[in-house]
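Please open the structure in your viewer and keep the selection panel at hand.

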Amino acid sequence: MLQNAPFDAQDLMQRIANDLMDSYDEELELEIEDRNVDEAGDLVATDKLERQRYFKELFRLQGELVKLQDWVQHSRQKVVILFEGRDAAGKGGVIKRITQRLNPRVARVAALPAPNDRERTQWYFQRYVAHLPAAGEIVLFDRSWYNRAGVERVMGFCSDDEYEEFFRTVPEFEKMLVRSGIKLVKYWFSITDEEQHLRFLGRIHDPLKQWKLSPMDLESRVRWEAYTKAKETMLERTHIAEAPWWVVQAVDKKKARLNCIHHLLSQLPYQEVPHAPVVLPDRVRNPEYFRQPVPGSMYVPEVY
């Protein structure tokens, strides 16, 4: 048993290093997820130097995100980050990289489904307000109240009056959020027609990604120009000094992730929060304690 084993510092450090590498493998799994299954075996044939640069910078930026998280908690900040863009533009990928090393109790994702019958009768912003952060929290909206300026407008899910009322209200709504102490950052992920077409084909032929394709996604291909016009109107009418839009060039997924995270860090005046050294206490051992055996029928079969 562990408590009877001799202490081996070198073995302990190796086990810690192995655990660290396992955590880095999570990022490799996400990278494979971004590729077609048939191509997953070709990862070693890619440009190793570029991949090394990407991972090195990603891990550095994720380290800064941990410092940002500590600062948000320590100074009781309230942060809201909106991610908007066309379907398959890479919003989910960058959100995964931002939250990957963070505490989900501090940094959480709000990805709201279509409104139900009751929510359709509410004030439009009401269901989004329920997801805003309290002190010491970061909320990342994977699509947001800007659905009204995009999909609802293009697909005819809102009336002309509701559409115009949105544009009258949203600047005041966001100014009110900022005045209340919320730090609001808005990103639009931009891809080309050709790139979206390619990514949709990848999803169609990848059984692990087909769930990402909805009828609404497919319809967006037909209505590309209508979505473009809606986006241009949205950016023009909601780009305000208190909450400006930031456009991320997202044809190259990896560069888009790094650029977005780097920019996000520049938007918040975070500082590293000093922490006292962590000392792991010795486990208290009671000679009268006896660990009860677990019945073998309760164990998960070790297939692997």
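How many aromatic pairs does the count come to? The count is 19 aromatic pairs, where rings of Phe, Tyr and Trp (its six-membered ring) pair if their centres lie within 6.5 Å, and planes under 30 degrees apart count as stacked, over 60 as edge-to-face and the rest as tilted. The model is predicted: local features need pLDDT of at least 70 and side-chain atom pairs count only at pLDDT 80 or more, while totals for chains, interfaces and linings use all residues. Residues are numbered from 1 along each chain as its sequence is written, and side-chain values use heavy atoms, with hydrogens and water left out.

**Aromatic rings**

Select Tyr146 and Trp245, an edge-to-face pair at 4.8 Å centre to centre with 65 degrees between the planes. Tyr146 lies in the loop between strand 3 and helix 5 (151–155) and Trp245 in strand 5 (residues 245–249), so the pair ties together parts that are 99 residues apart in sequence. Helices (H or I, at least four residues) and strands (E, at least two) are DSSP runs, numbered from the N terminus. Tyr146 is buried at 1% relative accessible area, and Trp245 is buried at 6%; buried means under 20%, exposed over 50% and partly exposed in between (1.4 Å probe, protein chains only).

Next, select Phe166 and Phe167, which form an edge-to-face pair at 5.4 Å centre to centre, with 65 degrees between the planes. Phe166 is buried at 2% relative accessibility, and Phe167 is buried at 4%.

**Charges over rings**

Select Arg86, which lies over the face of Trp224 at 3.5 Å from the ring centre. The criterion is NZ of Lys or CZ of Arg within 6 Å of the ring centre and within 35 degrees of the ring normal. Then select Arg127, placed over the face of Tyr128 at 5.2 Å from the ring centre.

**Enclosed space**

Arg127 and Tyr128 also belong to the lining of the second largest cavity, together with residues including Asp142 and Asn147. A cavity is a set of points on a 1 Å grid over the protein atoms alone where a 1.4 Å probe fits but cannot get out; lining residues have an atom within 4 Å of a point.

Finally, select Leu65, Leu68, Ile81, Ile98, Leu102, Ala107, Ile138, Leu140 and Leu264, which line the largest cavity. Helix 2 (48–75) and strand 3 (137–142) each give two or more residues to this lining.

Conventions
On a 1 Å grid over the protein atoms alone, a cavity is a set of points where a 1.4 Å probe fits but cannot get out, and a pocket is an open set with protein on both sides within 12 Å along at least five of seven lines; lining residues have an atom within 4 Å of a point.
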